Amino acid sequence: AGRGARARARAAAASPAALQKVEVGLGERSYPIYIGAEALGQGALLRRHLRGQQCLVVTNETVGPLYLDRVLEALREAGGEALQVESVVLRDGEEHKTMAELMKVYDKALEGRLSRKATFV
């Protein structure tokens, strides 16, 4: 039972069913948080939470190299040609939480001609 049970446990942990969902209750502004090893690669799940046909993924120079490509690929696969996906990478650290860094987000949104219906992630 040892190896087979461990293999089944690993497979179950990697499956979409293994995701845990935590609901953040804020009335009309409530939203879910999904926790799981492959959550970022599940484009259909991510796509469900985008309101329009445009998305800007905002990350930083520490997190971006680890996860950005996976998220962009998943979103593009799930959204197809109909979904415009853009991204911007900001500097990391409290000292970089400035108007200049925020302007990089706005500049990318303008460059991508994102509408008011775009979702920022």
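Student: Which residues does L72 touch, not counting residues up to four places away in sequence?

Tutor: A contact means heavy atoms within 4.5 Å, and by that reading L72 touches V57, V85, E86 and S87. This is a predicted model, in which local features need pLDDT of at least 70 and side-chain atom pairs count only at pLDDT 80 or more, while totals for chains, interfaces and linings use all residues. Residues are numbered from 1 along each chain as its sequence is written, and side-chain values use heavy atoms, with hydrogens and water left out.

Student: Which residues make up the largest nonpolar core?

Tutor: In soluble globular proteins, nonpolar side chains tend to be buried together. A nonpolar core is a set of buried Ala, Val, Leu, Ile, Met, Phe, Trp, Tyr and Cys residues joined through side-chain atoms within 4.5 Å, where buried means under 20% relative accessible area, exposed over 50%, and partly exposed in between (1.4 Å probe, protein chains only). Here the largest has nine residues, namely L50, C55, V57, L68, V71, L72, L75, L83 and V85.

Student: How many salt bridges does a search of the whole structure find?

Tutor: A salt bridge is a side-chain nitrogen of Lys or Arg within 4 Å of a carboxyl oxygen of Asp or Glu, and the search finds five. In one of them R91 pairs with E101, the closest N and O atoms being 3.0 Å apart; R91 is partly exposed at 38% relative accessibility, whereas E101 is buried at 3%.

Student: Are K97 and E94 buried or exposed?

Tutor: Both K97 and E94 are exposed, and their side chains meet in a salt bridge at 2.8 Å, N to O.
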